[in-house]
Amino acid sequence: MTIEQLNKIREEKRELLMVRKLVKEEGEKLAANTGYRKQVLICGGTGCTSSGSREIISALEAELEKKGLKDVLVVKTGCFGLCALGPIMIVYPEGTFYSQMTPEHVVTVCDQHLIEGGEPVKELLYTDSVLEDGTILPLSETPFYKKQKRVALRNCGVIAPEIIDEAIALDAYQALYKCLTEMTPDEVIQVMIDSGLRGRGGAGFPTGLKWKFACSRRGEVQKFVCCNADEGDPGAFMDRSILEGDPHVVLEAMAIAGYAIGSNQGYIYVRAEYPIAVQRLNIAIAQAREYGLLGENIFGTDFSFDIELRLGSGAFVCGEETALMTSIEGKRGEPRPRPPFPAVKGLFGQPTILNNVETWANIPQIITNGAEWFASMGTEKSKGTKVFALGGKINNTGLVEVEMGTTLREIVEEIGGGVPNGKAFKAAQTGGPSGGCIAADNLDVPIDYDNLIAIGSMMGSGGLIVMDEDNCMVDIAKFFLNFTVDESCGKCTACRIGTKRLFEILEKITAGEATMEDLDKMEYLCDKIKKNSLCALGQTAPNPVVSTYKCFRDEYLAHVQDKKCPSGICKALLEFWIDPEKCKGCTLCARNCPVSAISGNVKEPHVIDNNVCIGCGTCLANCKFGAITKR
Amino acid sequence: MAKAKTTVKFQGTLEQEQALREVIEAHKDQPGALMPVLQAAQGIYGYLPVEVQEMIASGLQISVAEVYGVVTFYSQFSLNPKGRYNVSVCLGTACYVKGSEKILEAVESKLGIPSGGCTEDTKFSIDVTRCLGACGLAPVMTVNDDVYGKVEPKKVAEIIDSYMNR
């Protein structure tokens with residue numbers, strides 16, 4: 001494909017796509033030229049597909065057919081970010097936002113909104129998009145989206161990821177063309193260095209520097225470009241959303257890197273748990289090859305580059321760069337010591353660069369808009385934006401992209417809509433099993449790589465799990481340790497045995513069997529695991545313990561000294577109690593108790609024998625009078 | 001993670017063997033062929049018994065020990081057959097915080113088998129997964145390819161019952 005052909009596609013589709021970028025009047029003007037009066041975008045990402053968006057799409061198509069509405073276009077996109085409200089449906093040019101759709105709702109929307117001269121169906125709209133006076137806000141103006149700055153997620157929820165022309169209409173592969181025709185490989189690397197982009201996968205290593213280390217002897221040795229799409233941190237799903245919503249941005253960025261370091265082969269290592277992402281990547285690679293945007297002599301230059309997909313098989317450690325490469329080589333995914341770094345000796349023993357999906361997603365725009373543009377966003381040492389996956393005890397769960405330096409309070413309270421059910425915010429966990437907890441007193445710290453480390457957590461890949469007063473921090477630390485014990489590859493002793501012993505101490509604490517000496521042992525062990533493990537998995541494994549022990553020491557002490565779990569989570573420390581004032585003697589609890597720990601006569605207050613009680617909570621769930629409490 | 005060998009007798013068919021040989025043939029000259037071959041083999045047989053590992057080892061001309069080493073390293077490779085309906089409960093962070101452990105308990109008590117097990121009639125099996133990336137819908141469980149979001153412990157029996165008579 002030549003640049004003229006690429007531009008031709010871009011021009012043909014441009015207006016159709018711009019309708020989705022503009023709202024109201026401007027969008028309506030453009031829509032008139034496109035032949036489509038309305039465009040209905042339905043999320044086909046993992047979240048909404050789980051909520052049934054496939055049925056919504058077929059119901060809509062059937063209904064439009066039935067009504068003969070040929071000037072309404074149905075587009076299956078990637079993730080919009082508000083996964084908890086799926087299936088999500090957006091109607092352009094107005095940008096109205098329907099949430100939690102059912103096939104019946106679709107019929108209503110067709111009847112009242114999509115017909116000629118129709119009006120939005122207010123009661124089906126996303127509640128935050130309808131103001132008290134009845135004004136309907138477009139998607140981009142709602143509280144969830146307004147504070148966001150979408151760079152990496154630019155095209156997610158805008159284009160149909162299975163149609164390459166839609167990506168091209170929004171400038172896909174233009175940056176690659178610019179690199180190949182206007183820039184030398186060294187200039188490309190310099191732009192990356194100047195932009196200040198740091199790896200979005202965890203450690204935050206400067207991307208440009210990584211490329212520079214791998215750039216010597218271009219054309220003399222085989223080199224590889226790898227994409228880390230083995231997003232294993234539980235609670236993080238931005239990489240999955242990018243792959244599902246805008247796969248071409250990753251392919252283009254990898255080709256740019258191939259040009260910069262002198263490589264003709266890329267590998268994408270993606271989790272097998274992400275079937276939709278795998279499918280979209282396969283489609284995208286096939287389409288790019290067909291257009292000659294991957295393969296031999298791209299844009300008629302002497303640069304050739306192709307990409308192969310490799311699937312992981314469920315090993316968390318394979319997100320570590322050396323383990324990932326060993327896995328692509330078809331071996332047990334065990335890490336190896338560095339140096340030599342992958343830039344010198346990586347995949348199949350050849351110089352290799354590896355970046356994660358979100359990092360790649362920033363790169364074409366940095367080339368197009370320049371390093372200064374990117375460096376103008378963010379804080380002094382962390383440039384650009386970061387995508388966070390908001391989850392846990394928060395009203396708006398989903399994906400948000402904000403400028404670096406945004407405070408946690410803005411993310412949790414303004415974008416995330418706060419903690420549900422009037423509960424108090426207790427902590428936010430970032431960085432997954434390698435990260436730590438941020439307590440309420442640090443809510444106003446501007447988030448960037450360095451600040452998070454300073455307050456005892458880390459950026460990690462961007463999972464952000466909110467916890468409220470009902471979550472026990474010792475239990476959370478135990479949860480993460482259980483994860484690392486399971487996922488430790490077993491190669492080095494500090495991690496294999498150390499994490500197991502650390503987990504056992506936490507089990508003792510939550511069972512109420514630990515002594516103060518155990519807490520000292522725990523601290524000692526954390527330090528040793530950190531210093532002696534081979535790879536980042538082990539080195540960071542104690543972080544959840546260290547940070548919760550630092551911020552919530554009183555909770556640990558309550559478990560150890562008072563044998564109490566203040567949040568009422570750790571079963572062994574719970575005591576159930578029947579309030580004799582409230583108990584009506586209905587016998588329901590006694591009849592349902594699996595160990596017959598409850599006694600009492602009909603119509604008289606019952607009593608729980610705590611020596612027999614196993615703390616299962618069945619009585620609490622069954623009591624109709626709210627007479628049972630745990631304490 | 002320790003993996004127990006299966007006690008179920010191997011019942012591979014000739015068609016399956018033929019399909020596996022084709023996969024091996026297609027990948028054998030590619031660098032790092034073992035993983036894609038194992039993934040395809042698991043797709044064909046549903047699991048990776050020793051008999052299948054031996055065929056792969058001889059096809060790729062590597063030792064059975066090497067194949068076994070890789071199979072036992074990755075949690076998605078299974079030495080045990082799965083039930084006709086595999087119930088999988090997500091224990092990722094977002095789901096855990098929202099109480100998915102109670103969901104798992106409910107599934108286990110409903111089916112009377114522990115996580116990792118398979119019912120005697122091979123109809124149901126249970127496993128635990130780490131984050132399906134559907135954190136917005138936590139807690140999440142899946143039955144084969146059907147995803148159930150925002151599950152409550154008391155809904156579990158109803159969901160499983162709906163597969164009982166299929």
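## A buried helix residue in chain B

B:Ile103 has its place in helix α6 of chain B, which covers residues 100-111. The model discussed here is a predicted one, and the values that follow are computed from it. B:Ile103 counts as buried because 25 other C-beta atoms lie within 10 Å, where the cut-off for that class is 20 or more. Leaving aside residues up to four places away in sequence, B:Ile103 touches B:Val89, B:Pro139, B:Met141, B:Val151, B:Pro153 and B:Val156.

A further point of reference for B:Ile103 is B:Thr13: the two residues are 90 apart in sequence, and their C-alpha atoms are 37 Å apart in space.

## Cis peptide bonds

One of the contact partners of B:Ile103, B:Pro139, also takes part in a cis peptide bond, which joins B:Ala138 to B:Pro139 with an omega of about -10 degrees. B:Pro139 itself is found in a loop of chain B, between β2 (124-129) and β3 (141-143).

In chain A, a cis peptide bond joins A:Pro339 and A:Pro340, and its omega is about 0 degrees. The loop that holds A:Pro340 lies between α14 (321-328) and β8 (352-356) of chain A. As background to these bonds and to the phi values in the next section, most peptide bonds are trans, and most residues other than glycine have a negative phi.

B:Gln61 is found in the loop between α3 (50-60) and α4 of chain B. With 7 other C-beta atoms within 10 Å, B:Gln61 is exposed.

## Chain A: overall dimensions and a β-α-β unit

The secondary structure of chain A comes to 26 helices and 17 strands. The radius of gyration of chain A is 27 Å, close to the 25 Å that the globule rule gives for 631 residues, so chain A is as compact as a globular protein of that length. Taken along the principal axes, the C-alpha atoms of chain A fill a box of roughly 85 × 65 × 40 Å. Of the 631 residues of chain A, 55% count as buried, and among contacts in chain A with a separation of 6 or more, 71% are between residues 24 or more positions apart.

Within chain A, strand β6 (residues 265-270) and strand β7 (residues 306-311) run parallel and are joined by six bridges. In one of these pairings, A:Val270 has A:Leu311 of β7(A) as its bridge partner. Together with helix α13 (residues 275-290) of chain A, β6(A) and β7(A) make a right-handed β-α-β unit.

## Domains of chain A

Chain A is divided into domain 1 (3-140), domain 2 (164-375), domain 3 (385-471), domain 4 (474-560) and domain 5 (574-630). The C-alpha centres of domain 1 of chain A and domain 2 of chain A lie 32 Å apart, and 14 residues of domain 1 of chain A are in contact with 14 residues of domain 2 of chain A.

On the side of domain 1 of chain A that touches domain 2 of chain A, α1 (3-21) and α3 (46-50) of chain A each supply at least two residues. The element that gives the most to this side is α1(A), with eight residues. By class, the residues of this side of domain 1 of chain A divide into six nonpolar, five polar and three charged.

## Contact between the two chains

How many residues of chain B are in contact with chain A? There are 31 such residues of chain B, and they are in contact with 40 residues of chain A. On the side of chain B that touches chain A, the elements giving two or more residues are α2 (34-45), α4 (64-73) and α5 (93-97) of chain B, and α5(B) gives the most, with four residues. The side of chain B that touches chain A is made up, by class, of 19 nonpolar, 10 polar and two charged residues.

Technical notes. Residues numbered from 1 in each chain as written. Chains lettered and ligands numbered in written order. Predicted model: local features only at pLDDT ≥ 70, side-chain atom pairs only at ≥ 80, totals over all residues. Domains from an automatic or database assignment. Contact = placed C-beta atoms within 7 Å. Nonpolar A, V, L, I, M, F, W, Y, C, P; charged D, E, K, R; others polar. Pairing = 2+ DSSP bridges. Right-handed = clockwise from strand over helix to strand, strands pointing away. Rg over C-alpha atoms; globule rule 2.2 N^0.38 Å. Buried ≥ 20, exposed ≤ 12 C-beta atoms within 10 Å, placed from the backbone.
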